[in-house]
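The sequence and the structure come first.

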Amino acid sequence: MPHYVTDLDAAVDWLLTHTQGPLRVAAPLALGKPHRLLNALYSRVEADASRPLQLYTALSLNPPQAKGDGLEARFLRPFAERHFGDDFPRLAYADAVARDALPAHVQVEEFYMQSGALLNSSQAQRHYTSLNYTHAADAVAQRAPHAIVQKVAFREGSTRLSMSCNNDLTQDTLDAIHARGLPRPLLIAEVDPLLPWLGGSATVEADFFDLVVVPPGPYPHLFGLPRQPVSDADYAIGFHASALVRDGGTLQIGIGTLADALSHALVMRHTDNARYRRILRALDPQLADQALVQEAGGLTPFDIGLYGCSEMLNEGFRVLVHSGVIRRKVLDDLAVMQRLANGSAYGSDHATLAAEGEYLHGAFYLGSPEFYDWLRHLPEDERRAIGMRRISEINQLYGGNETLERLQRRDARFFNSCMIATALGAAASDALEDGRVVSGVGGQYNFVAMAHALPDARSILMFRAVRDDAGKPQSNVRWNYGSTTIPRHLRDIFINEYGIADLRNRTDEDCVIAMAGITDVAFQSSLLDQAKAAKKLDRTFTAPEAWQRNQASELRAALAPFRSDGSLPDYPLGSDFTPVEQDLLRALTWLKANTRTRGDKLRTVLAALRQPAGENDAMYLQRMSLESPKTISERLNARLLRLALAKTVHR
């Protein structure tokens with residue numbers, strides 16, 4: 001039996017007693033990281049250079065912190081206290097990394113970081129490890145960790161513990177350590193009663209662990225990702241992407257507003273098909289006739305349903321399961337799956353599939369408080385249909401049950417996001433041109449490669465056509481870029497708000513034309529000129545007239561009717577913000593867009609000084625603690641907020 005303790009300091013004592021010298025510890029990414037235990041350990045070794053610490057992990061999540069007294073901080077501070085809880089145990093080592101303040105004897109290696117959060121941290125950038133998700137287990141094994149620490153769920157009446165949100169790497173790491181002939185590390189579990197229980201292969205007997213920590217309550221909130229508003233560009237991308245999903249197929253999606261928009265589009269395709277088609281026609285009257293859409297089987301509702309196989313389960317899968325889009329079950333039984341595939345299945349095979357099959361597989365999950373509540377209260381038959389698996393089982397075909405997984409993953413569509421796409425089909429998703437890491441490779445390369453290995457599978461990289469760079473718009477379709485996540489020889493499908501570019505097996509010239517066709521009109525000429533100069537495009541080529549529609553104003557006009565009738569809400573999967581906060585977010589977004597440059601800022605301030613008070617301003621000013629401004633700064637902020645509200649809410 002494992003050793004049980006209820007005190008975090010006692011757990012640290014136990015770990016330090018059972019190890020000698022420098023300490024090497026591994027912890028899961030995101031939600032499965034035991035914050036309180038890691039904080040207790042870091043507190044103990046931070047000032048003790050005699051016990052150097054190396055921590056191997058990824059995605060160390062901390063709530064955003066409000067800085068200063070500006071409008072953004074006034075909005076964020078009350079929201080963060082409510083959403084994350086004022087007792088949320090911030091990861092002390094992560095705060096130190098962000099400030100470049102880790103002591104010299106402590107090092108944190110991560111293979112995936114919170115997006116954009118550590119661009120200015122030398123310690124984070126120097127100790128980042130660039131890995132495919134499926135290679136992380138062996139990389140940790142190579143470091144020969146002394147201990148693996150993990151948050152787990154328990155269930156009354158069960159002798160087992162559930163790795164719940166993170167069944168991704170622990171067992172793969174143990175196998176890799178064994179394969180290298182290294183000693184098995186100490187396994188330490190921190191029980192969190194708020195963590196949803198998921199069974200099946202995510203559970204282990206308690207004696208799998210050497211130490212189980214059951215700290216007393218109260219228990220802080222699970223880290224909840226605030227759901228963000230979905231823009232017109234996001235919706236256009238999501239609806240274009242939804243047209244490529246084949247009924248009876250397999251679905252993988254990422255996280256963020258592009259995934260939210262895609263999930264909303266798939267639900268509408270299934271539950272309100274007529275309205276779904278009207279939105280697609282508004283975006284592109286010829287879309288339904290495109291070869292890619294026909295290849296996917298058209299735009300019909302889902303008679304068979306989809307099987308979800310995604311490294312991360314998130315908010316989108318909640319609504320896809322609830323609406324009946326995700327419902328195609330699979331079994332881990334090769335013989336049965338073969339009979340089902342070739343039409344020779346027995347009646348008992350169908351009965352077994354219905355009773356024991358699973359329609360959703362993931363390696364880790366992360367979402368909103370509503371998402372966690374959904375997992376906690378699933379009916380038992382639905383809970384059994386969700387399987388948390390090792391990352392080696394989700395993100396790749398080789399090395400396990402490839403024949404079985406090929407049968408399960410038929411007609412797969414793997415949707416991921418990138419930052420930059422080149423005209424020849426390469427993608428930059430994880431790092432800037434100067435080498436600084438924004439996030440990490442994660443599983444993107446795995447899914448792109450798998451799409452080329454599976455018959456009838458496609459890799460779809462989604463991105464926004466334009467980004468803002470210090471007040472100046474920049475195209476996200478480039479001739480080339482100094483960082484590459486996906487090489488051009490693995491090019492497949494790219495989607496942005498202006499359409500779909502199918503690059504698989506196409507010539508370089510065909511790729512250039514396809515990518516230019518989804519480039520914002522302001523950047524088309526320069527891209528075509530670069531292609532011609534590089535001998536990749538015929539010098540007589542001219543842009544078709546239809547490409548002139550590739551601009552934000554055209555997109556806004558096309559979607560405006562569906563915005564106004566509620567078909568395309570700001571928060572399609574639900575919101576963590578109150579109605580007042582949602583209005584404030586729109587106002588603050590407008591204000592940010594109109595104060596990017598010095599000239600913009602001056603014009604906006606002058607307009608704010610002339611802006612009369614609105615009749616409903618009081619409740620917004622109260623929420624921002626500006627109902628009685630006293631200082632010059634507060635009075636100016638109040639006027640700026642009134643102007644932004646007039647432009648976005650009261651218009």
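## The largest cavity

The model is predicted. Helix α6 contributes 3 residues to the lining of the largest cavity, the most of any element. At least two lining residues each come from β3 (53–57), β4, α6 (136–142) and α7 (170–179). The volume of the largest cavity is about 230 Å³. Its lining has 19 residues, and those closest to the centre are Tyr56, Thr57, Phe111, Ala136 and Val140. Sorted by class, the lining of the largest cavity holds 12 nonpolar, 4 polar and 3 charged residues.

## Other cavities

The count of cavities of 30 Å³ or more is 7. A set of 14 residues lines the second largest cavity, with His35, Phe88, Pro89, Lys151 and His221 nearest its centre. Of the residues in this lining, 8 are nonpolar, 2 polar and 4 charged.

## The second largest pocket

The second largest pocket has a volume of about 570 Å³. Its lining comprises 26 residues, and Asp284, Gln290, Tyr498, Gly499 and Gly517 lie nearest its centre. The lining of this pocket divides into 15 nonpolar, 5 polar and 6 charged residues.

Several elements take part in the lining of the second largest pocket. At least two residues each are supplied by α10 (273–283), α11 (291–295), β22 (499–502), α20 (508–516) and α22 (552–564). Strand β22 gives the most, with 4 residues.

## A nonpolar patch on the surface

Four leucines, Leu602, Leu606, Leu609 and Leu636, form a nonpolar patch on the surface. Together they have about 340 Å² of accessible area. Helix α24 (residues 598–610) gives the most to the patch, with 3 residues.

Leucine 602 is found in helix α24. Its relative accessibility is 52%, so leucine 602 counts as exposed.

## Salt bridges

A search of the whole structure finds 47 salt bridges. One of them pairs arginine 227 with aspartate 576, whose closest N and O atoms are 3.0 Å apart. This pair links distant parts of the chain, 349 residues apart: arginine 227 is in the loop between β9 and α8, and aspartate 576 is in the loop between α22 and α23 (579–593). Arginine 227 is buried because its relative accessible area is 7%. Aspartate 576 is also buried, at 14%.

Arginine 275 and aspartate 272 form another salt bridge, with 3.2 Å between the closest N and O atoms. Arginine 275 counts as partly exposed at 26% relative accessibility, and aspartate 272 is partly exposed at 29%. In a further salt bridge, arginine 389 meets glutamate 358 with the closest N and O atoms 2.9 Å apart. The two residues are 31 residues apart and link distant parts of the chain: arginine 389 lies in the loop between β13 (386–388) and α17 (391–394), and glutamate 358 in the loop between α14 (347–356) and β12 (360–365). Arginine 389 counts as buried at 11% relative accessibility, and glutamate 358 is buried at 14%. Salt bridges with shared partners also join Glu295, Arg458, Asp492, Asp502, Arg504 and Arg506 into one network.

## Backbone details in the loops

The peptide bond from glycine 217 to proline 218 is cis, with omega near 0°. Proline 218 sits in the loop between β9 (211–213) and α8 (232–242).

Aspartate 100 is not a glycine, yet its phi is positive, near 55°. Aspartate 100 lies in the loop between α4 and β4, and it counts as partly exposed because its relative accessibility is 31%. Aspartate 411 likewise has a positive phi, about 45°, although it is not a glycine. The loop between α18 (402–408) and β14 (412–417) holds aspartate 411. At 14% relative accessibility, aspartate 411 counts as buried.

## An exposed loop residue

Alanine 104 is located in the loop between α4 (92–98) and β4 (106–110). With a relative accessible area of 87%, alanine 104 is exposed. From alanine 104 to glycine 574 the separation is 470 residues in sequence and 44 Å in space, C-alpha to C-alpha.

Notes
Residues are numbered from 1 along each chain as its sequence is written. This is a predicted model: local features need pLDDT of at least 70, side-chain atom pairs count only at pLDDT 80 or more; totals for chains, interfaces and linings use all residues. Side-chain values use heavy atoms; hydrogens and water are left out. Patches are made of residues with over 30% relative accessible area and no salt bridge: like charges are joined within 9 Å, nonpolar side chains (Val, Leu, Ile, Met, Phe, Trp, Tyr) within 5 Å. Accessible areas come from the Shrake-Rupley method with a 1.4 Å probe; for residues, only the protein chains shown count as cover. A salt bridge is a side-chain nitrogen of Lys or Arg within 4 Å of a carboxyl oxygen of Asp or Glu. Buried means under 20% relative accessible area, exposed over 50%, partly exposed in between (1.4 Å probe, protein chains only). On a 1 Å grid over the protein atoms alone, a cavity is a set of points where a 1.4 Å probe fits but cannot get out, and a pocket is an open set with protein on both sides within 12 Å along at least five of seven lines; lining residues have an atom within 4 Å of a point. Grid points are joined across faces, edges and corners, and a volume is the space filled by probe spheres set on the points. Ala, Val, Leu, Ile, Met, Phe, Trp, Tyr, Cys and Pro count as nonpolar, Asp, Glu, Lys and Arg as charged, and the others, Gly among them, as polar.
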